[in-house]
Amino acid sequence: MNEVTPDFIVIGAGVIGLATAVQLLKEGATVTILERAQVGQESSWAGGGILSPLCPWDYLDSVTRLTDYSAAMFPAWVAELYASTGIDAEYVISGMLVLPPYDANAAQKWLAEQKVFTQMASLSEQINFLHLEVEHSLFLPHIAQVRNPRLLRALYNQVVQLGGRIIEHCEVQEIITQHHRLNSLTTSCGKYCAAHFVITAGAWSKQVLGKHALNLEIKPIRGQMLLYKFEEPPLGSILLQGDVYLIPRRDGYLLVGSTMEDVGFNKQTTLAAREHLSGRAQKLLPQLKGKPLIKHWAGLRPASPHNIPTISRHPLLSNLFINSGHFRYGITMAPGSAKILLNEIMGRPQPFDTSPYQKGWGVY
């Protein structure tokens, strides 16, 4: 058994687990994070870092309300991380160019409601450069991005600076309960006890919970990505068409994503995905033809119905909480979700109605 019993054990060291741990540590709690593999190396590392649902008008209010709330935190969040760790997560308001096909009626309604105005000058400049049709395209100037690996390194460093303990290669094997409370964890590296527990295990959350998952619906959905390198950024903004997006980094790297594959916990990359993504990307950006592929990887998203995460106390175990099931938007939702969970734990008022994030257990 571990020597010191912490106030909280957080299970899973992706962006959600790290952000949650930081919030708890800032409250003066002692926190140990258990990670089955390596910090941030699953879904969090693998994503593109677009700080918005791809087409916000396609999502329920419970998704866009959380993404808007959380995305608004990013400028201050990454500035604080940079000040405390010296690691720049590269928050950039790059805008996003959305090419048809998309639901034009829903998009126009959303633009009017959100008072988002497309910048036609920027739109024309982008599209002329790409030799694409300007008609029916949208440029969303407020969309930002971060570099996931750098954000994760900064969060890791901040957890350590604040006194958090991170134990890698420590897989939870069994949850031991007693009197409607989680008593201890049996893991691959021993037994752990705490006053409170938080599940932030992404696609593995349901497996960690076992019979205590109740009717929670979180499962892995594989996403594959490609990486290219240019001397200078080949695009001035994120480019989206259907299920394919191109994300330019300021040092010339270009990410191309992403697939949505229901293949269980299989993280293998495939030739079919590579050809699909590279083919679509080359049509959007002809300069990619002949460019060597730098890297091809896959991650497992924690998929949940309608992209709605579960951020809640367990209905039956009073000292167990969950912050998981963010599907495609874990990076975007991370600071907001951590704040909402902290409010739940501490009994503080929420910024808006958070009841949609309590329904994932399926017992309400």
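Predicted model: local features only at pLDDT ≥ 70, side-chain atom pairs only at ≥ 80, totals over all residues.
**Strand S18**

Strand S18 spans residues 320-324 and is mostly covered, with 5 of its 5 residues counted as buried. The side chains of the strand are divided between two directions: Leu320, Ile322 and Ser324 point one way, while Phe321 and Asn323 point the other way. Residues of both groups are buried.

**Partner strands**

| Partner of S18 | Residues | Sense | Bridges |
|---|---|---|---|
| S11 | 196-199 | parallel | 3 |
| S17 | 310-313 | antiparallel | 4 |

In the parallel pairing of S11 with S18, Val198 stands opposite Phe321. Phe321 is also one of the two residues, with Asn323, that point away from the direction taken by Leu320, Ile322 and Ser324. In the antiparallel pairing of S17 with S18, Thr310 stands opposite Ser324. Strands S17 and S18 form a hairpin, and 6 residues lie between them.

Lys359 is placed in the segment after helix H10, which covers residues 330-346. Is Lys359 buried or exposed? Residues with over 50% relative accessible area count as exposed; Lys359 has a relative accessibility of 54% and is therefore exposed. By contrast, Ile322 of S18 is buried. Lys359 and Ile322 are 37 residues apart along the chain, and their C-alpha atoms are separated by 12 Å.

Terms used: Residues numbered from 1 in each chain as written. Heavy atoms only, no water. Buried < 20%, exposed > 50% of the residue type's maximum accessible area, 1.4 Å probe, protein only. Pairing = 2+ DSSP bridges.
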